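Here are my notes for someone opening this entry for the first time. Please keep the sequence and the view side by side while reading.

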Amino acid sequence: MNSLQLTLDTRCRTFHDFKINIILYENFSNVLTNFDWRDQDEVTPIKNKVNVVKTKVGQLADKMTAAFEYIIKNHGITTEERYTYQEMQGTCDTGKQKNKAATIINYETFPATDEEAMLQAVTNQPVSVAIDGSGLAFQFFQGGVFNGDCGNSLTHAVTIVGYGTSEEGLNYWLVKNLWGEAWGEKGYFRIERGVNKCCIAMKAS
């Protein structure tokens with residue numbers, strides 16, 4: 001057992017419903033020290049979709065992968081410009097969906113706690129993850145590398161868009177949140193990497 005495994009948060013719940021166990025980038029070795037997909041102009045603007053209602057773990061996991069399944073079955077999705085995000089519930093506008101800008105052929109979910117596989121994948125594309133976002137320390141996060149207390153239930157879906165090492169020597173994930181630019185570091189947060197903080201490595205896809 002390596003040192004990474006020894007420091008994992010063992011309170012986090014495990015999952016056994018992985019879609020694919022062979023990781024797409026498992027043979028990729030060109031991992032950088034610091035990387036940020038925002039520098040590649042590959043990250044959409046921060047949205048404000050505050051929802052602190054606690055979600056059951058299974059429901060959240062289903063919602064994350066259901067988005068990928070929808071895009072596959074819909075044969076793609078249109079652009080943000082053509083179908084603007086609205087902060088309200090409603091029905092799909094089929095007319096706006098017709099012009100497809102991107103498609104998904106398939107997707108993978110990672111084996112639980114495999115942050116090395118996540119690191120390889122994030123170097124190649126942003127990665128969707130579920131975390132425990134119910135704690136007050138997280139909800140009132142203002143900046144720095146988050147290493148505060150977390151629970152052990154997956155209550156919040158976010159996107160890893162990079163990684164790096166802080167000036168203090170802490171390895172971190174750079175994560176895009178959905179709570180507006182006034183939260184955290186202009187809508188983003190850095191969270192300790194390599195210790196499954198807030199269960200971030202339990203359900204990644």
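1. Start at one pair of residues in the sheet. In strand β6, the bridge partner of V175 is F189. Keep in mind that this is a predicted model. Strand β6 covers residues 188-192 and runs antiparallel to β5, with five bridges joining the two.

2. On its other pairing, β5 meets strand β4, which spans residues 156-165. These two are also antiparallel, over six bridges. One of the pairings is that of G162 with L174 in β5. The hairpin of β4 and β5 has five residues between the strands. There, G169 takes a positive phi near 90°.

3. How enclosed is β5 by the rest of the structure? Five of its six residues, in the run 171-176, are buried, so the strand is largely enclosed.

4. The largest nonpolar core has 36 residues. V129, W173 and F189 have the most contacts inside it. At least two residues of this core come from each of α4 (115-122), β2 (127-131), β3 (145-146), β4, β5 and β6. Helix α4 gives the largest share, five residues.

5. Leaving aside neighbours within four places in sequence, F189 is in contact with I131, F138, F141, V158, W173, L174, V175, N177 and W183. Another core lies apart from the largest one. That other core has six residues, including M64, L154, C199 and M202.

6. Now the aromatic rings. The structure holds 13 aromatic pairs. One of them joins W179 and W183, with centres 5.4 Å apart and 85° between the planes, an edge-to-face arrangement. W179 and W183 are both buried. The rings of W183 and F189 also form a pair, with centres 5.6 Å apart. Why is this pair edge-to-face? The planes of W183 and F189 stand at 85°, and an angle over 60 degrees counts as edge-to-face. W183 and F189 are both buried. Ring pairs link F138, F141, F146, W179, W183 and F189 into a cluster.

7. Then the charges. How many salt bridges does a search of the whole structure find? It finds two. In one, the side chains of D36 and R38 meet at 2.8 Å, N to O. D36 is buried, at 14% relative accessible area. R38 is partly exposed, at 36%. In the other, E185 pairs with R190, the closest N and O atoms being 2.9 Å apart. E185 is partly exposed, with a relative accessibility of 23%.

8. The charged end of R38 sits over the ring of Y188, 4.3 Å from the ring centre. R190 lies over the face of Y172, at 5.3 Å from the centre of that ring.

9. Last, a residue in the segment after β6: S205. Is S205 buried or exposed? S205 is buried, with a relative accessible area of 12%. Not counting residues up to four places away in sequence, S205 touches M64, F68, E108, T109, F110, V127 and S128. Of these, M64 is also among the residues of the six-residue core.

Methods:
Residues are numbered from 1 along each chain as its sequence is written. This is a predicted model: local features need pLDDT of at least 70, side-chain atom pairs count only at pLDDT 80 or more; totals for chains, interfaces and linings use all residues. Side-chain values use heavy atoms; hydrogens and water are left out. A salt bridge is a side-chain nitrogen of Lys or Arg within 4 Å of a carboxyl oxygen of Asp or Glu. Buried means under 20% relative accessible area, exposed over 50%, partly exposed in between (1.4 Å probe, protein chains only). Helices (H or I, at least four residues) and strands (E, at least two) are DSSP runs, numbered from the N terminus. Two strands pair if DSSP finds at least two bridges between them. Contact means heavy atoms within 4.5 Å. A nonpolar core is a set of buried Ala, Val, Leu, Ile, Met, Phe, Trp, Tyr and Cys residues joined through side-chain atoms within 4.5 Å. Rings of Phe, Tyr and Trp (its six-membered ring) pair if their centres lie within 6.5 Å; planes under 30 degrees apart count as stacked, over 60 as edge-to-face and the rest as tilted. A charge sits over a ring if NZ of Lys or CZ of Arg is within 6 Å of the ring centre and within 35 degrees of the ring normal.
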